[in-house]
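Subject: Structure handover

Hello,

Here is the structure for you to look through. My notes follow below it.

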Amino acid sequence: TRRFYGIGPTTNEDDESSYTDEVAFADVGLSSSLPGRFDDFILELGVHGEGHWLDHGRVGGHPSMESPANDPSFAYLFGQAEEVALGWVGGGLRWDTRDSQRNPYRGTAIGGAVDAAVVQTDGKVGATYLIFADQVVPVWPIFHDGGTKDEENPPTDTLALHFESRLSSGDLPFFARPSLGGSEIQRGYIEGRWRDDAVWTAAAEYRFWLLARGFTIWRHIRVERVGAAAFYEVGGVGDNGFALFHESLIQSYGVSARVTVERAAIFRADFGFSHDGFNFSAGFGLPF
């Protein structure tokens, strides 16, 4: 079950409707650094196919998306996407000096990507475009000593900064258009809370370790490290890239709990707050 609030920066929390989305998908991708002196550049290529079957929403106290009680545009968007298959091809390139792609302690990543839905049930074509930048800086630890230089993975507190913007063009079903909210961007809002043809977001996250040495759960099953993070995020949505920064600012903030079983295996639970209230999300890996 998913929620839908409408398209654009002026949607209200009271506009909430819902729909169910049965999804089947398959994808294959390649990620590789370039050879020689260009080994800080990462090239990614992918092919993705997905099918969606939409049905009535089941969120109590709110109408289903196709209900006449909603704005008529809700039912129109639902009808256009009720049974849709999409075939995507995409590629991206980034300059990446981070010391880890899964859990970096230092470094920079700047890049962009294009994903094109070149095959759709109704014969239409659409695409999304992404630009992003990340910076991670180690900071002085508070709850531990920072480990030793000869450790392979010493406990390291960091300040992480992130920016991204997504644009879309052509014809895409409403659920494939850029959005804010969920477990990675604007975590104070529910997934898909904000949608339009263009979005942007910027975030700052202070990541710190509370238990730097972890503990054994049972036999060989061990928690390597327990930590937390505090985050603040801003962003906006608009009907095109020029309108983005003229619309109302969207803000969220919160705290996150982190547990690792190794450096690249991070489990997190995020507690976000925003104008809409409280939102909880959980995921595997860092949000950025």
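Let me start in the sheet. Ala116 stands opposite Ala127 in E6. This is a predicted model, in which local features need pLDDT of at least 70, side-chain atom pairs count only at pLDDT 80 or more, and totals for chains, interfaces and linings use all residues. Residues are numbered from 1 along each chain as its sequence is written, and side-chain values use heavy atoms, with hydrogens and water left out.

Strands

Two strands pair if DSSP finds at least two bridges between them.

E5 and strand E6 (residues 126-139) are antiparallel, with 11 bridges. They form a hairpin with 5 residues between them. Gly123 sits in that turn and has a positive phi of about 80°.

E4 and E5 also run antiparallel, joined by 11 bridges. Here Gly87 stands opposite Val119 in E5. On to strand E3 (residues 41-56): 13 bridges join E3 to E4, again antiparallel. Ile42 stands opposite Arg94 in E4. Arg94 also has a bridge partner in E5, namely Gly111.

One general point for reading the strands: in a regular strand the side chains alternate between the two faces of the sheet.

Salt bridges

A salt bridge here is a side-chain nitrogen of Lys or Arg within 4 Å of a carboxyl oxygen of Asp or Glu. The structure holds 19 of them.

Take Asp99 and Arg263. Their side chains meet in a salt bridge at 3.1 Å, N to O. Asp99 is in the loop between strand E4 (83-96) and strand E5 (107-120), and Arg263 is in the loop between E14 and E15, so the bridge ties together parts 164 residues apart in sequence. Asp99 has a relative accessible area of 35%, so Asp99 is partly exposed. The cut-offs are under 20% relative accessible area for buried, over 50% for exposed, and partly exposed in between (1.4 Å probe, protein chains only).

Next, Asp276 and Arg193. Their closest N and O atoms are 2.6 Å apart. This pair links distant parts of the chain, 83 residues apart. Asp276 is in the loop between E15 and strand E16 (277-284). Arg193 is in the loop between strand E8 (179-180) and strand E9 (194-195). Asp276 counts as buried at 19% relative accessibility. Arg193 counts as buried at 1%.

Arg193 has another contact. It lies over the face of Tyr5, at 4.6 Å from the ring centre. A charge sits over a ring if NZ of Lys or CZ of Arg is within 6 Å of the ring centre and within 35 degrees of the ring normal. Arg225 lies over the face of Trp209 in this way, at 5.7 Å from the ring centre.

Then Glu205 and Arg258, with their closest N and O atoms 3.0 Å apart. Glu205 is in strand E10 (residues 198-211) and Arg258 is in strand E14, 53 residues apart. Both Glu205 and Arg258 are buried. They belong to a network of salt bridges that also links Arg187, Arg207, Glu233, Arg268 and Asp270.

Aromatic pairs

Rings of Phe, Tyr and Trp (its six-membered ring) pair if their centres lie within 6.5 Å; planes under 30 degrees apart count as stacked, over 60 as edge-to-face and the rest as tilted. The structure holds 14 aromatic pairs. In one, Tyr253 and Phe273 have ring centres 5.9 Å apart and planes at 25°, so the pair is stacked. Tyr253 lies in strand E14 (residues 250-262) and Phe273 in strand E15 (residues 265-274), 20 residues apart. Tyr253 is partly exposed at 46% relative accessible area. Phe273 is partly exposed too, at 35%.

Elsewhere, ring pairs link Phe4, Tyr19, Phe74, Phe174 and Phe175 into a cluster.

Happy to go through any of this with you.

Best wishes

How values were computed: Helix = DSSP H or I, 4+ residues; strand = E, 2+ residues; numbered from the N terminus.
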